[in-house]
Amino acid sequence: MNSSEVSEALRASGAATDDCPDLFLRVAAGVGRRRRRQRTAVGVALVVTVAVALAVPAVGAGSSGSTVSAEGYVASSVRDSCASDRSLPSNSFVRRAEALAGTTCTSAVAVLPAPFAWHHTARRYGLEQP
Amino acid sequence: MPQEPQGFHDFVVVRRHGLLRTARLLTGDQYAAEDLTQAALERVWPRWERIVADGEPYAYVRKVMVNTYTSWWRRAWRAEQPTQTLPELVDLEDEYAATDLHDAFLRLLATLSPRQRAVLVLRFHEDLTEAATAEALGCSIGTVKSQTARALTKLRLHTDPRLAMHDS
C-alpha cells in the first residue's frame with residue numbers, strides 16, 4: 001500500500017461514518033455533568049478544609065490542656081530541684097518541663113513517650129504523681 | 001443546560017461530520033468515535049471564545065481530539081485489540097463487500113500504534129502537511145516522517161491480498 005492508496009482507503013472508510021445529529025445536545029449535557037462534578041468536588045474540598053481547620057485547634061487545645069497540669073507539676077519540681085542538683089539526666093519531657101520552668105539542668109537527650117517520661121522524671125526527683 | 005458559547009452550536013452542526021469521520025478512523029468504531037468527538041467538544045466548550053479568537057477552531061478541536069484519543073489509549077480504554085492476523089477476510093462476492101472492505105481497512109489500521117494511526121489520519125485523510133501534523137501531535141517533523149514510514153510499512157506487511165487487489 002502506498003500513500004495514495006492509504007489516502008483513498010481512509011477517505012472511503014471515513015465516508016462510511018454515520019452521522020450523530022444529537023451531538024450538540026450530548027456535548028451540552030456532558031458539560032453540565034462536568035460542571036456539577038466540579039462544583040461537588042469544590043464543595044467537598046471546602047467542607048474538608050473547614051472541618052480540618054476547626055478540628056486541629058480543638059485537638060491541640062485538648063491535648064495541651066491534659067498535659068499542662070502534669071508538665072506544670074514536674075516543671076515546678078524541676079525548678080525546685082535544679083537549684084541543688086545540676087547533673088540530672090534529661091529527655092524530651094524533662095526538657096519541656098524545664099522550658100516551662102525557665103531553667104535547665106542538663107543537655108542530655110533521651111526521648112521517652114510522655115507517660116514513661118513523666119514517671120521517670122517523677123521518680124528521678126522523688127516525686128509522687130498527684 | 002449550561003449557557004452555550006456564541007457560535008458553538010453552529011460549529012458543531014457544520015463541522016461534526018468531519019470530526020466524526022476523523023474520530024472514526026482513529027478509534028475504528030462508530031460509538032467510540034461519537035464518544036471521542038463529544039469528549040473533545042466538551043473540553044473546548046469552556047474556552048471557546050478564546051479558541052475562536054485565535055483563529056482556527058477546527059484545527060484546535062482536532063488537536064484536542066487526537067490528544068484525547070491517545071490519552072484514552074494510554075488508559076487502556078480500548079474496545080479493540082491490535083492483532084497480527086485479521087479475524088475476518090473480505091468477501092468481495094458479498095453484497096456488503098464495500099462495507100466489509102471499510103471494516104477490513106479499519107481493522108488494518110487497528111494494528112498500528114495510536115501515534116502511527118493518528119499520523120496517517122492527519123497526513124492522508126486530513127491532508128495536513130508534515131509540519132501541521134507535527135504541531136497537532138506535539139512532536140517533531142522527523143518523528144512524523146519516521147512514524148509515517150513505519151505505519152506504511154506495517155500496512156504493507158499486513159494488507160489482505162484481496163484488499164490490495166481491490167485497490168488496484
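1. Chain A contains four helices and zero strands, where helices are DSSP runs of H or I of at least four residues and strands are runs of E of at least two, numbered from the N terminus. Along its sequence the pattern reads α-α-α-α.

2. The model is predicted, so that local features need pLDDT of at least 70 and side-chain atom pairs count only at pLDDT 80 or more, whereas totals for chains, interfaces and linings use all residues. Residues are numbered from 1 along each chain as its sequence is written, and chains are lettered from A and ligands numbered from 1 in the order in which they are written.

3. Of the 130 residues in chain A, 22% are buried (20 or more other C-beta atoms within 10 Å of the residue's own, with C-beta atoms placed from the backbone). Among contacts in chain A between residues at least 6 apart in sequence, 45% join residues at least 24 apart, a contact being two C-beta atoms, placed from the backbone, within 7 Å.

4. Chain A gives 26 residues to its contact with chain B, and chain B gives 34. On the chain A side, the elements giving two or more residues are α1 (3–15) and α2 (23–82). That side has twelve nonpolar, seven polar and seven charged residues (nonpolar: Ala, Val, Leu, Ile, Met, Phe, Trp, Tyr, Cys and Pro; charged: Asp, Glu, Lys and Arg; polar: the others, Gly among them).

5. In chain B, the axes of helix α7 (residues 130–137) and helix α8 (residues 141–158) come within 8 Å and cross at roughly 100°, which means that α7(B) is roughly perpendicular to α8(B) (65 to 115 degrees). Axes here are lines fitted to C-alpha atoms, for helices over the stretch in contact, with angles from 0 to 180 degrees between N-to-C directions.

Conventions: A residue is buried if 20 or more other C-beta atoms lie within 10 Å of its own, exposed if 12 or fewer, and partly exposed in between; C-beta atoms are placed from the backbone. Angles under 35 degrees count as roughly parallel, over 145 as roughly antiparallel, 65 to 115 as roughly perpendicular and the rest as oblique.
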